[in-house]
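Subject: Structure handover

Hello,

Here is the structure we spoke about, for you to open alongside this message. My notes on what was found in it follow below.

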Amino acid sequence: MTTVNDVLARFHGRSVAVIGDVMLDHFLVGRVDRISPEAPVPVVRFDRDEYRLGGAANVGHNIASLGGLATLVGLVGADAAAGELRRQLATIRLDDRGLIADASRPTTKKMRVVTTRNQQVVRIDHESDADVAGDACAVLVASARAAIAASDTAVLSDYRKGVVCPAIIAAAIDEAAKRRTPLLVDPKVAQAERYRGAALITPNHHEAELMTQTTIRSSSDAARAARLLHERTGANVLITRGEHGMWIFDATASPAVEASLPAVAREVADVTGAGDTVIAVLALALAAGAPLLDAARLANAAAGLVVARFGPATVQPPELAAAIAAHPD
């Protein structure tokens, strides 16, 4: 019988193409001792800057932390944020050659002003949400195809910042089909049919509601939405439901599997990036030969770990194994 530790051991060296919206998370950390006399806002006394990888880059970071090999394909600007993002990738030895520079748009950066107690004061977004076009799009399409061709599984990480546009989706689905490479999609667009041909889609419950025009308040609601999404895309479906855990619909199993996974009980510090961790674990587990339900159990446990940490976070194989052992069901 295959165990969780067997699956985790097979993570090492598995390759995943990660195509999507890379981001830089910038935390400006300071202390709040008083309210400004100029306006009813806190005065933040600067303490330090922190930088973390976000979006598709966080998916790649999670894959690397778990022993996998991530090939990152995305878009950056010709600006200081792009330089910092590349430096952050270099610290974890994640190749940045798949990042295409487009001087016409900024690198996506989320700058959060937070207190030393991890309380967010304000967030400032530097971004363009226009679909990538022209030469940059052509290079991204070619890079995405090459990355998928060389990988065990592939991920489309869509944050609606322009990379996961119709041309990229079509190219990824086509290349994955040619190579029989499982393609996982973290979707954002409401048109579910756009993802037809993917192996798995992983919307959160808000996204699933938009894609199906239904309301999800219970497991039976989630089951109905998952079936609708499968009908429209042909894909297996995993709906993340926050404190309610996950709903799985695996049409490739025989017989088909429909199951609810309860959230791992722990204190929630920050849900930022939890979806990145979920899809990274799913991609590696499927590459390692795990059935979707087992892959989802691993992803659920990993999500329980990262939401207890502030900001985008990663997990290591030993702590993931320990989390599964502590919550075997």
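Helix α2 (residues 56–65) is mostly covered, with 8 of its 10 residues buried. Please keep in mind while reading that this is a predicted model. The buried residues of α2 are Ala56, Ala57, Asn58, Val59, Gly60, Asn62, Ile63 and Ser65. After α2 comes glycine 67, which has a positive phi, near 95°.

Three of these names come up again at alanine 280, a residue of helix α8 (residues 274–287). Which residues does alanine 280 contact, once its neighbours within four places in sequence are left aside? They are Val59, Asn62 and Ile63. Alanine 280 counts as buried because its relative accessibility is 0%. For a sense of distance, lysine 110 is 170 residues from alanine 280 in sequence, and their C-alpha atoms are 21 Å apart in space.

In soluble globular proteins, nonpolar side chains tend to be buried together. Here the largest nonpolar core holds 57 residues, and those with the most contacts inside it are Phe11, Leu72, Leu282 and Leu298. Helix α9 (residues 292–306) supplies the largest share of this core, 10 residues. Another core lies apart from it and has 44 residues, including Ala192, Ile216, Ala235 and Trp247.

Neighbours within four places in sequence aside, leucine 298 is in contact with Val4, Val7, Leu8, Phe11, Val281, Ala285, Leu320 and Ile324.

**The sheet**

There is an open sheet of 9 strands, with mixed pairing and the order β5-β4-β1-β8-β9-β10-β11-β12-β13. Why is one side of β5 (99–101) and of β13 left without a neighbour in the sheet? Both strands stand at the edges and each has a single partner strand, so one side of each has no neighbour there.

Two pairings show both directions. Strand β1 (residues 15–20) and strand β4 (residues 69–76) run parallel and are joined by 5 bridges. In this pair, alanine 17 stands opposite threonine 71 of β4. Strand β12 (residues 246–250) and strand β13 (residues 257–261) run antiparallel, also with 5 bridges between them. Here phenylalanine 249 is opposite glutamate 258 in β13. The two strands β12 and β13 make a hairpin, with 6 residues between them.

Val32, Val121, Val122 and Ile124 make a nonpolar surface patch of about 260 Å². Strand β7 (residues 120–126) gives the most to this patch, with 3 residues. Isoleucine 124 is found in β7. Is isoleucine 124 buried or partly exposed? Isoleucine 124 counts as partly exposed, because its relative accessibility is 37%.

**Salt bridges**

Side chains of opposite charge can pair when their charged atoms come close. A search of the whole structure finds 22 salt bridges. Three of them are described here.

One joins arginine 87 to glutamate 84, with the closest N and O atoms 3.1 Å apart. The two residues are 3 apart in helix α3 (residues 80–91), so about one helical turn separates them. Arginine 87 is partly exposed, with a relative accessible area of 48%. Glutamate 84, by contrast, is buried, with a relative accessible area of 14%.

Another is found in helix α9, where arginine 297 and aspartate 294 are 3 residues apart, so they too are separated by about one helical turn. Their side chains meet in a salt bridge of 3.1 Å, N to O. Arginine 297 is partly exposed at 33% relative accessibility, and aspartate 294 is partly exposed at 35%.

Glutamate 319 counts as partly exposed at 24% relative accessibility, as does arginine 309 at 27%. There is also a network, in which salt bridges that share partners join Lys110, Arg123, Asp125, Glu127 and Lys161.

Regards

Notes: Residues numbered from 1 in each chain as written. Predicted model: local features only at pLDDT ≥ 70, side-chain atom pairs only at ≥ 80, totals over all residues. Heavy atoms only, no water. Helix = DSSP H or I, 4+ residues; strand = E, 2+ residues; numbered from the N terminus. Buried < 20%, exposed > 50% of the residue type's maximum accessible area, 1.4 Å probe, protein only. Contact = heavy atoms within 4.5 Å. Core = buried A, V, L, I, M, F, W, Y, C linked by side-chain atoms within 4.5 Å. Pairing = 2+ DSSP bridges. Patch = residues over 30% accessible without salt bridge, like charges linked within 9 Å, V, L, I, M, F, W, Y side chains within 5 Å. Areas by Shrake-Rupley, 256 points an atom, 1.4 Å probe, with all protein chains shown as cover. Salt bridge = Lys/Arg side-chain N within 4 Å of Asp/Glu carboxyl O.
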